[in-house]
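Hi,

Here is the structure for you to look over. My notes follow below it.

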Amino acid sequence: MGVLNVTPDSFSDGGRYADPERAAARAAQMIAEGADIIDIGGESSRPGALPVGTDMELRRVLPVIERLRSEKDVFISVDTRKSVVAEAALRAGAHIINDISALEDDRGMAETVRRYGAGLILMHKKGEPRNMQDDPRYENVADEVLAYLKERIGVLSAAGIEPARIAVDPGIGFGKSAGHNIELIGRMEKMTACGRPVVMGLSRKSFLGGITGRPVNERLAASLGALAYCVLKGANIMRVHDVKESRDVLKVLNALNRSGENRTC
């Protein structure tokens, strides 16, 4: 899943792809590099970010969706918490709604997703982007995140959304300290207990900077190391900025796995 932020303030690529033509060109590049899904976001959810209005979010994402649908054959995900944005995006041809609030922030979101038969990514977060990193606390972060995601799957299944359409994201960096993030990743296989595909978004995030001492534009190696660990532990979808390099890691892992499976004693 290639990240395409069409915002002025996202933590890694804010402002680079605000123009629809540049955004479409970047999407085309990621598709050529091996992205299966393009995840378009029109509202930054980085720590400290403030919400944007519906009209602004629509103006940012719809031209990119329309351009992609007319030019490329790729799954399109839209990162939004608003049912109005979700409906417009799905009507324009998007396939997946990636909601950082797990459909809790907008009561109309579940019905929109159900009506369109869309794919859905449910993410765990604690607090809002503007304050989620102030002082997050857990008794047991992996157990609490898993329990929350299971509960949301149950609620939304009862609302008519087929579990087969749902993937889950533990929300690395969303209301978690660096220690919480590391613990969640270290217990990655626990997330598979939801019985749904697991999405991991950890590309270039600040906890990697804390480990390596590298600024955001020098965290590629750290991102790839974390990606490889998560895939080996059961992650199914990796949300990344650096598609080409991430795809290379997956090719190597797949080749090594096949080699190991084919060996005889």
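E71 sits in helix α2, residues 54-71. Helices here are DSSP runs of H or I of at least four residues, numbered from the N terminus. This is a predicted model: local features need pLDDT of at least 70, side-chain atom pairs count only at pLDDT 80 or more, and totals for chains, interfaces and linings use all residues. Residues are numbered from 1 along each chain as its sequence is written, and side-chain values use heavy atoms, with hydrogens and water left out.

Back to E71. E71 counts as partly exposed because its relative accessibility is 46%. The scale, with a 1.4 Å probe and protein chains only, is: buried under 20% relative accessible area, exposed over 50%, partly exposed in between. The E71 side chain makes a polar contact with the side chain of R67, at 2.7 Å. Such a contact is a pair of N or O atoms within 3.5 Å; within protein, one must be able to donate a hydrogen and the other to accept it, and residues adjacent in sequence count only if both atoms are side-chain atoms. E71 and A28 are 43 residues apart in sequence, and their C-alpha atoms are 8.9 Å apart in space.

The largest nonpolar core has 68 residues. A core is a set of buried Ala, Val, Leu, Ile, Met, Phe, Trp, Tyr and Cys residues joined through side-chain atoms within 4.5 Å. Helix α5 (residues 141-158) gives the most to this core, with 8 residues. Apart from it lies another core of 6 residues, including M1 and V199. I38 is among the residues with the most contacts inside the largest core. I38 touches, among others, L4, A27 and F75 (heavy atoms within 4.5 Å), not counting residues up to four places away in sequence.

Best wishes

Key:
Helices (H or I, at least four residues) and strands (E, at least two) are DSSP runs, numbered from the N terminus.
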